[in-house]
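Open the model in your viewer and keep the selection tool ready.

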Amino acid sequence: MAIDGWMNSPDHRHNILSDSYWEIGVGFYEGKGEYRWYWDQNFGRRDGIFPLILDGEKAKTQTRAVPVYIYGDFNQMRLRNDKGGWSAWMPFQQSFTWELLETAGMHTVTAQLRGNDSVVTSSDTIELVP
């Protein structure tokens, strides 16, 4: 119900859909005052942090091929599964599909992102379930 309200509010909807923010925090509190339930949003974008998002931030997946989205703008990237070896450097893409390892359980995809004068690292974790 809170999400429907936010998406039907022009100001809240603008913030949720804005590409100015890369991160969101959502809080909930059950109170005893005039309003029983309190919801809060906190939008942000930290300097030097470029989130990597696996499968739309799902906690679990049943398929090894997962969509990846990486915030930012870089020249090249390379990736790895868990703590395995790195792929070759390739042209940067914000959106692509990546293959997780075959084994069920928690998996981390890590990207190194190379720009004109720096390399940053970003990762996300997802559980592969049978």
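Select Phe96 and display what lies around it. Leaving aside neighbours within four places in sequence, Phe96 is in contact (heavy atoms within 4.5 Å) with Val66, Pro67, Val68, Ile70, Met77 and Leu79. This is a predicted model, in which local features need pLDDT of at least 70 and side-chain atom pairs count only at pLDDT 80 or more, while totals for chains, interfaces and linings use all residues. Residues are numbered from 1 along each chain as its sequence is written, and side-chain values use heavy atoms, with hydrogens and water left out.

Next, select Leu54, Val68, Ile70, Met77, Leu79, Phe96 and Leu113. Of the 18 residues in the largest nonpolar core, these touch the most other members. A nonpolar core is a set of buried Ala, Val, Leu, Ile, Met, Phe, Trp, Tyr and Cys residues joined through side-chain atoms within 4.5 Å. Buried means under 20% relative accessible area, exposed over 50%, and partly exposed in between (1.4 Å probe, protein chains only). Colour the strands now: E3 (52–54), E5 (65–70), E6 (76–81), E8 (95–99), E9 (105–114) and E10 each supply at least two residues of this core. Strands (E, at least two residues) are DSSP runs, numbered from the N terminus. In soluble globular proteins, nonpolar side chains tend to be buried together.

Move to Ser122, in strand E10 (residues 119–128). Is Ser122 buried or exposed? Ser122 counts as buried because its relative accessibility is 10%. Its side chain reaches the backbone nitrogen of Leu52 at 3.1 Å.

Now look for charged pairs. How many salt bridges does the structure hold? There are 3, a salt bridge being a side-chain nitrogen of Lys or Arg within 4 Å of a carboxyl oxygen of Asp or Glu.

- Select Glu30 and Arg36: their side chains meet in a salt bridge at 2.6 Å, N to O. Glu30 is partly exposed at 41% relative accessibility, and Arg36 is partly exposed at 47%.
- Select Asp55 and Lys58: the closest N and O atoms of this salt bridge are 3.8 Å apart. Asp55 counts as buried at 13%, whereas Lys58 is partly exposed at 46%.
- Select Glu99 and Arg64: in this salt bridge the closest N and O atoms are 3.8 Å apart. The pair links distant parts of the chain, 35 residues apart, with Glu99 in strand E8 and Arg64 in the loop between strand E4 (60–61) and E5. Glu99 is partly exposed at 41%, and Arg64 is partly exposed at 32%.

How values were computed: Helices (H or I, at least four residues) and strands (E, at least two) are DSSP runs, numbered from the N terminus. A polar contact is a pair of N or O atoms within 3.5 Å; within protein, one must be able to donate a hydrogen and the other to accept it, and residues adjacent in sequence count only if both atoms are side-chain atoms.
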